[in-house]
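Please look over the model below before you read my points.

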Amino acid sequence: MGTLDLSRLDPARIPRHVGLILDGNGRWANRRGLPRTAGHQAGEEALFDVVHGALEIGIEWLTAFTFSTENWNRDPEEVSFLMWFNEDLLLRRRDELHELGVRVLFAGDLDDPRVPDRNRRHMAETERLTAHNRRMTMVFAFNYGSRWEIVEAARRLAEKVAAGGLRPEDIDEATFAAHLAVPGMPDVDLVIRSSGEHRLSNFLLWQSAYAEFVFPGILWPDFDRHALLEAVVEYQRRDRRFGGAVDAVR
Ligand code: IPE
Ligand code: MG
């Protein structure tokens, strides 16, 4: 909580799209002798504090990895808790996101029969409710995996080619990107993974081609807007060259 010291930032170099890999909920709970699910519950406040921080900083796109295509391999009780919790969180907090001017989108395999119908319905309702908001776009990467997303894009392009609506030689990077889960999503500038793990874990592989990575050692439930600010300060210290030379004039 609390307001951020924005004078620490260069307003001309605010990351437009920040990706968040929320990690460390289970460890946070374990350290307190609590069930892992208590860690996920504690992570909610961290996420919403970060949303407020992102709005203060002026970040336009925030993508949070809330359930991966690999998370189905967890204990069935934890999986059903996460399904219920994601839905419950939406129902409790979508009005708040709406009032903040946040457009909410979901990226992931929502046709997967393992995703409960009620979840699917509430996600669709939330997208509709917030569709016209423009202050920030928040993407929940839910039942998301980057390889799934890339394969889906390839499949849809192949279908168009097979149907005669597209020539293979007309497929370029922009065409491909337009077939990803969220058409129009800008490249990720900054990926933050909490808890000290240094992995991308199948998150936004295409979109993070030129991203900067920051790995704070904080467990996700202890994360907040101040930790976000620190990550953005670190991002602004980096020299982004996009393949250019070190001494190129910027
Ligand atoms: C991240 O925390 C939350 C989700 C992936 C849903 P973890 O549950 O991965 O926590 P650790 O890594 O076991 O501490
Ligand atoms: Mg983890």
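1. **Where N143 sits.** N143 is part of strand β4, which spans residues 136-144. Strands are DSSP runs of E with at least two residues, helices are runs of H or I with at least four, and numbering starts at the N terminus. N143 has a relative accessible area of 0%, so N143 is buried. The class cut-offs are under 20% for buried, over 50% for exposed, and partly exposed in between (1.4 Å probe, protein chains only).

2. **How the model was made and read.** This is a predicted model; local features need pLDDT of at least 70, side-chain atom pairs count only at pLDDT 80 or more, and totals for chains, interfaces and linings use all residues. Residues are numbered from 1 along each chain as its sequence is written, chains are lettered from A and ligands numbered from 1 in the order written, and side-chain values use heavy atoms, leaving out hydrogens and water.

3. **What surrounds N143.** Leaving out residues up to four places away in sequence, N143 touches F67, S68, T69, W72, G108, D109, D112 and V115. Contact here means heavy atoms within 4.5 Å. With D109 there is also a polar pair: its backbone oxygen lies 2.8 Å from a polar atom of the N143 side chain.

4. **The shell of ligand 1.** Which residues surround ligand 1? They are L22, D23, G24, N25, G26, R27, R36, H40, T66, N71 and R74. To be near, a residue needs a heavy atom within 4 Å. Helix α1 (25-31) and helix α2 (36-57) each give two or more residues to this shell. The most come from α1, with three residues.

5. **Polar atoms at ligand 1.** A side-chain N or O atom of D23 is 2.8 Å from an oxygen atom of ligand 1. For R36, a polar side-chain atom lies 2.9 Å from a ligand 1 oxygen. A polar backbone atom of G24 is 3.4 Å from an oxygen of ligand 1.

6. **D222 in its loop.** D222 lies in the loop between β6 (212-214) and α7 (225-237). Is D222 buried or partly exposed? D222 counts as partly exposed, because its relative accessibility is 41%. Beyond four places in sequence, D222 touches W28 and R32. The side chains of D222 and W28 make a polar contact at 3.1 Å. A polar contact is a pair of N or O atoms within 3.5 Å; within protein, one must be able to donate a hydrogen and the other to accept it, and residues adjacent in sequence count only if both atoms are side-chain atoms.
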